[in-house]
Amino acid sequence: MIKISKFLFLALFVFAACTSDNDGEEPISGGENSFDRKAMLANWADNIIVPSFENFASSTQNLQEKTNSFTTDPSEGNLVQLRAAYKKAYLDFQTVSMFEIGKAEELNYRNFLNTYPTNVSAIINKIESGDYNLTLPSTYNEQGFPALDLLINGLADSDQEIVNIYSSEKYKSYLLDVSKRINNLTSEVNASWQGTFRDNFVNNTSSSSTGSVDKFTNDYVLYFEKFLRSGKIGFPAGVFTGEPSPGNVEALYSQDLSKELYIKSVKSVQDFFNGKYYASSQTGPSYKQYLDYLDSMKDGQILSTLINNQFDTILSQATGLDQSLKSQVQTNNTVMLQAFDELQKEVILLKVDMMQSLSISVDYVDSDGD
Amino acid sequence: MRLQINKYFNSYTEAAPLAVFRLFFGSMMLASIIRFWLNGWIEKLYINPKLFFSYYGFEWVKPLGDFTYLIFILCGVSAFFVAIGYKYRLFIISFFLSFTYIELMDKTTYLNHYYFISILSFLMIFLPANAYFSLDAWKDPKKAFQQIPAWCIDSLKLLLAIVYFYAGLAKLNSDWLLRAMPLKIWLPSKYDLPLLGNLMQQEWVHYAFSWSGMLYDLTIPFLLLWRKTRFFAFLLVVIFHVMTRVLFPIGMFPYVMIVSALIFFSPKVHHKILRKISSFFGINKSKFDNSLGLVFQPVKRKIFLSVVAVFFFIQILLPWRYLAYPGELFWTEEGFRFSWRVMLIEKAGYSQFKIVDSESGRRFYVDNSDFLTPFQEKQMSFQPDFMLQYAHFLAEHFRKDGHKNIEVYVENYVALNGRKSAPYIDPELNLLNFDDSFKHKSFILPFQDEIKGL
């Protein structure tokens, strides 16, 4: 028995000596030998996510107000104003759509706001019957920006005809409800970030699959792969079916918005990668810094540089795309397929190389390892 | 020499260590089956997926829908009866069969630990683990023996020694020792550990863990065997496995190993354990202490010893089969499984399968999430035998969908131990031209680096 206690004492002593020594030497943040994930989470929350949602919430508020004006007084002038508000909000949505965590995840926020193609016949039927409930998950493709797009751009060929349609109370109230719902859901998500969720998010520094860094990174990469690569480019280009489907583009009824949305979304993802503050050129702790800290030397190049270079390649390839991705698919789908290939290279860098460097597992099956 | 061998096989030892082993093994297996069930893993891993990845030659072993639960019940019940030693031989056989069946249902879930349990329970079929302190021995004095042949206990020690020693040999490579990979990837992410968190970010810690892990695996069997170092070694076993439990999602395995290492202790220790258990449950332990020695019938003895000999022959040789394949083992994984290469590589991949109509040239990509769970997709993406089976599955699926002249290609990138991801499967080759076999898979592209070592 004496033997055990002696050994344990010695072990404890050595251990205590090591750790206290260590604590003394290293500052918690910024030191060369440690990376402070909490500071990264705080930067994400305080300088990127929260301001992005604040900005987006004011856009959706404005969207609802412009919808109000238009439905109270359907005129071509009000329609033009409503469209501008819609366009701004849709573009701003690209800066928050990747943050599907917390309240947004709980609400299925992205599905309610941006499931496309929208279901035209279902929408028309529901407007006519006046019987609908937009809170049901079965109505993802009857609301959000794609539905709004249809309602203010796709119902008729000329603005005058569209305005004429809104002499109908049924159309007015559906349009208003869609616009309100976008704003209400956004207020809810925004409020949760203003409330306790920000602290929960920042303090959850655990490295388990429920920790903020792991969970968010999975969401971030999923967004890039499924919603950006497949959603905006892959599906319309027919990558998964072999048949180009121009009807699957984002903002189908807006003449020339789809490319702009795509670029905005790529830029937002890249800015997030670099920890760039919302609407500022300042940067803070980020994936880029984290990867650089982990010294991910690959092929003589740093992984974060490879990733940023690929983002740049994607963006420069995108300049060759038609303003309307719909017409791009119809006229020369090859450019779309090239865009997909460039996005694909980035998926590999993010999902394989970055996630391996960060030691974040791609799946949530919490089964045992060896 | 021959005389000595004969003498060894006729030597006897106390049955108590084997009885303790049986008791703990059965209880832990029962606990791990219950844990598996409560975690919802039966449904997640064996009911929900649309296809299951089979081991070559065992394609007929499949989950049975909702009846899969019955296999788990059978397995758990068998474990319980093994623990108490009731109709031992029957239940250890049914445990071995049901557990192995479960493991064969889908190789996505392959773990060295599960394989260890499978072969350990196979070995236990041939050991008289119910001779002492069991319900069998309690009910029928003719089956009760205090002494059993020494080889019955030594075979368990040998199996444990093989597991540790081979795991140590596998660590003798440049990635593990000179690059501290993959610990250098894994440990920094454990930043949230109390006390240790900050240490996990230090490079010297990664090297220290790598080297000490290697030394531990290579020496622990010997340290456990030698009486003078045994206690110290056991302390190391406890510290090492508790550490792995803290650092990695490793389930019940650390406890299984800690308890298994008790087999190296003298019968005195085991009698002490059994006395504690007896007094707790109010069992009259002295009823088992009959001083009788178990003598196998000659024919039975011959068969048992032959099976055990063949078993160990295979166990010793199988981990070396990778030498028969060209290319880097960690890259191709040909001969990787069943060889105690534990926690040696961090590998991740990405596969985009392309279905091509060879006549019209029409092509499209497959969305893997239509067919695979995230876990299956992850495992499939860096293991060539998975990709092959999946390619054939996809061809079958799209053929039924009315597609014709199908060819299946894969664009596949794999990252190994922190190297930048590189093309893995030749994207120009129609995977349908290949069938799974033990032969080298020539569609794997060569590894662009070198890993030196065993």
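## Basis of the description

Two strands are said to pair if DSSP finds at least two bridges between them. Helices (H or I, at least four residues) and strands (E, at least two) are DSSP runs, numbered from the N terminus.

The model is predicted: local features need pLDDT of at least 70, side-chain atom pairs count only at pLDDT 80 or more, and totals for chains, interfaces and linings use all residues. Residues are numbered from 1 along each chain as its sequence is written, chains are lettered from A and ligands numbered from 1 in the order in which they are written, and side-chain values use heavy atoms, with hydrogens and water left out.

## The sheet of chain B

Chain B holds an open sheet of 4 strands in the order S4-S3-S5-S6, with antiparallel pairing. Its edge strands, each pairing on one side only, are S4 (363-365) and S6 (422-423) of chain B. Strand S3 (residues 347-357) and strand S5 (residues 406-416) of chain B are joined in the antiparallel sense by 11 bridges. B:Ile355 has B:Val408 in S5(B) as its bridge partner.

Helix H16(A) packs on this sheet and touches S3, S4 and S5 of chain B. The direction of H16(A) makes about 155° with that of S3(B); axes are lines fitted to C-alpha atoms, for helices over the stretch in contact, and angles run from 0 to 180 degrees between N-to-C directions.

## The interface of chains A and B

Contact (heavy atoms within 4.5 Å) links 51 residues of chain A with 56 residues of chain B. The two chains bury about 4500 Å² between them, 55% of it on carbon and sulfur atoms; buried area is the accessible area (1.4 Å probe) that two parts lose on being put together, summed over both.

The count between the chains is 1 salt bridge, a term for a side-chain nitrogen of Lys or Arg within 4 Å of a carboxyl oxygen of Asp or Glu. A:Glu243 forms a salt bridge with B:Arg362, with the closest N and O atoms 3.2 Å apart. On the side of chain A that touches chain B, the elements giving two or more residues are H1 (2-25), H11 (212-237), H13 (287-293) and H16 (333-357) of chain A. H16(A) supplies the largest share, 11 residues.

## Backbone features

A cis peptide bond joins A:Tyr116 and A:Pro117, with omega about 0°. A:Pro117 sits in the loop between H5 (109-113) and H6 (120-129) of chain A. In chain B, the peptide bond from B:Met181 to B:Pro182 is cis.

B:Trp340 is not a glycine, yet has a positive phi of about 60°. B:Trp340 lies in the loop between helix H16 (329-332) and S3 of chain B.
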